[in-house]
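I set out below what I looked up, entry by entry.

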Amino acid sequence: MIVASNLSKRYPGGYEAVKDVSFAIEAGQMVLITGHSGAGKSTLVKLIAAIERPTSGSLVVNGQNLSALRRSAIPYLRRNFGMVFQDQKLLFDRSALDNVMLPLQIVGLPRREAIRRAQAALDKVGLLAREKAKPIALSGGEQQRLAIARAVVNRPAVLLADEPNGNLDIDSASEILEIFASFHQVGVTVVVATHDQHWIERYHPNVLRLGHGSLV
Amino acid sequence: MNAWLAQHGAALASAFRRLWSAPLNTLLSLLVIGIALTLPAFGYVLLDNLRDLGRSVSGVQQISMFMNLDASKKEVGEIENRLKQAATGKWRFVPKEDALKRMQDSEGMAEIVASLPRNPLPDAFIVEPTNSEPEALEILRKEIAGWPKIAHVQLDSAWVKRFDAFIRLAKLALWMLAAIFAAGLVAVTFNTIRLQVMAQAAEIEVARMIGATDAFIRRPFYYFGALQGALGGLLAAALIIGALSLLAAPVGELAALYGGNFSMRSPSIIEVTALAGVGAFLGWLGAQLSVSLSLRKFD
């Protein structure tokens with residue numbers, strides 16, 4: 001499903017964040033990308049989501065080679081992913097429900113259907129009661145759950161997350177962990193960049209360990 | 001198809017919401033656009049009315065009638081009698097000798113005239129008819145053309161031609177003015193949209209990351225620009241109609257003083273629609289330019 005061969009990313013200025021990395025992620029797998037901070041985890045996630053372009057090597061997602069992808073095809077590629085960002089990237093000018101509805105509006109789902117599905121997604125992460133709340137009124141853990149609801153509302157094949165429990169206390173972090181595990185159980189491919197060792201202890205996922213940009 | 005409609009509907013709704021959510025900004029933008037459209041459009045309406053006025057009151061009209069070269073003094077006298085009887089209005093006789101003398105006085109013509117074996121100019125009458133309606137003039141012209149020894153009858157429409165030339169010049173000036181104000185309108189929309197893109201940077205960034213196409217991101221701004229322009233156009237139409245209704249009474253009085261019956265014509269539904277359409281197009285153009293430039297930094 002996601003196949004990288006000799007993948008490298010060098011940023012302008014010469015810093016090489018990802019060096020000659022090769023791996024294959026099968027559909028339905030749960031894969032953790034781990035490593036110390038600065039090891040290239042975030043860059044790898046951004047490469048998979050076509051937010052960054054590889055400098056060399058190839059990255060094939062769903063049979064599409066990202067290096068050769070036209071700019072206009074990128075939005076359609078990204079719709080395969082549910083993205084959860086470290087800083088959540090929630091929109092603070094609208095309610096929780098409206099935040100979750102954004103991906104559905106992007107694909108042009110009729111409003112009524114979009115509301116129904118957004119509420120179902122909020123229910124899955126335990127936030128249905130807070131659907132009218134603005135993100136600023138939510139706790140850190142709730143905000144991260146809201147971000148997950150937005151990521152899964154369009155039923156993506158792959159859930160792609162970058163440090164989803166980075167800034168959370170232990171309880172909230174383990175809640176997030178369980179939510180990801182539950183999506184994995186129903187067949188969603190889960191790819192998470194994290195340095196949280198609890199994941200490995202509890203779920204024994206496939207692990208891509210990065211050190212200074214290379215697999216170790 | 002449904003998704004397409006839903007997306008356009010949502011973009012239009014969001015454009016309305018944005019206009020509504022900042023009433024003061026909206027009002028100011030609409031005023032600027034409205035005034036920019038009012039000036040050339042009002043000029044157009046005035047010119048249009050002036051042209052109608054020119055048609056109905058075609059001023060002092062003259063009919064020139066030329067006799068055959070071989071017409072005798074007696075035959076000229078016969079025509080004079082007929083003109084008296086017809087009582088068409090003022091008239092004067094221009095003998096061919098006078099005409100030749102006038103020509104001789106013109107610069108550089110003296111030698112040419114001297115070299116002529118005989119006077120090539122005919123006797124002529126210049127008539128200023130009392131009834132200057134175009135149809136009446138035409139009937140008179142035909143009647144005179146049937147009189148004996150009349151070679152040619154000509155309606156002098158120099159005044160009408162000059163007036164037409166003036167209208168054409170004024171129109172050209174108006175088009176230039178319109179072009180300048182159109183550029184102004186595009187610039188106003190450009191700036192409004194640029195500020196909006198900046199204000200919504202977070203939303204645009206997130207939407208991009210979760211699979212929004214360029215069209216999805218641009219659409220609400222296009223609708224906003226077009227909507228703002230169309231509303232500005234309607235405001236301009238309202239201003240023009242208001243100004244015309246204020247002018248109606250004084251214009252009526254002035255026309256009455258000249259013994260005329262003239263009233264200003266207000267813009268028609270089609271013209272109002274066209275004004276809104278022009279506003280919408282220019283607004284869309286401004287949005288298009290602005291979004292193309294502003295969104296570059298998100299790549």
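What radius of gyration does chain B have, and what would a compact globule of 299 residues have? I found 32 Å for chain B, whereas the globule would have a value near 19 Å. The radius is taken over C-alpha atoms, and the globule rule is 2.2 Å times the number of residues to the power 0.38.

I note that this is a predicted model, in which local features need pLDDT of at least 70 and side-chain atom pairs count only at pLDDT 80 or more, while totals for chains, interfaces and linings use all residues. Residues are numbered from 1 along each chain as its sequence is written, and chains are lettered from A and ligands numbered from 1 in the order in which they are written.

I took the box of chain B next: along the principal axes, its C-alpha atoms fill roughly 100 × 45 × 35 Å. Of its 299 residues, 26% count as buried (20 or more other C-beta atoms within 10 Å of the residue's own, C-beta atoms being placed from the backbone). I counted ten helices and four strands in chain B (DSSP runs, H or I of at least four residues and E of at least two, numbered from the N terminus).

I then turned to helix α3 (residues 96-106) of chain A, which is largely enclosed by the rest of the structure because ten of its eleven residues are buried. Its buried residues pack against α4 and α5 of chain A, together with α1, α8 and α9 of chain B (contact: C-beta atoms within 7 Å, placed from the backbone). Just after α3(A), A:G108 takes a positive phi of about 80°.

Methods
Buried ≥ 20, exposed ≤ 12 C-beta atoms within 10 Å, placed from the backbone. Contact = placed C-beta atoms within 7 Å.
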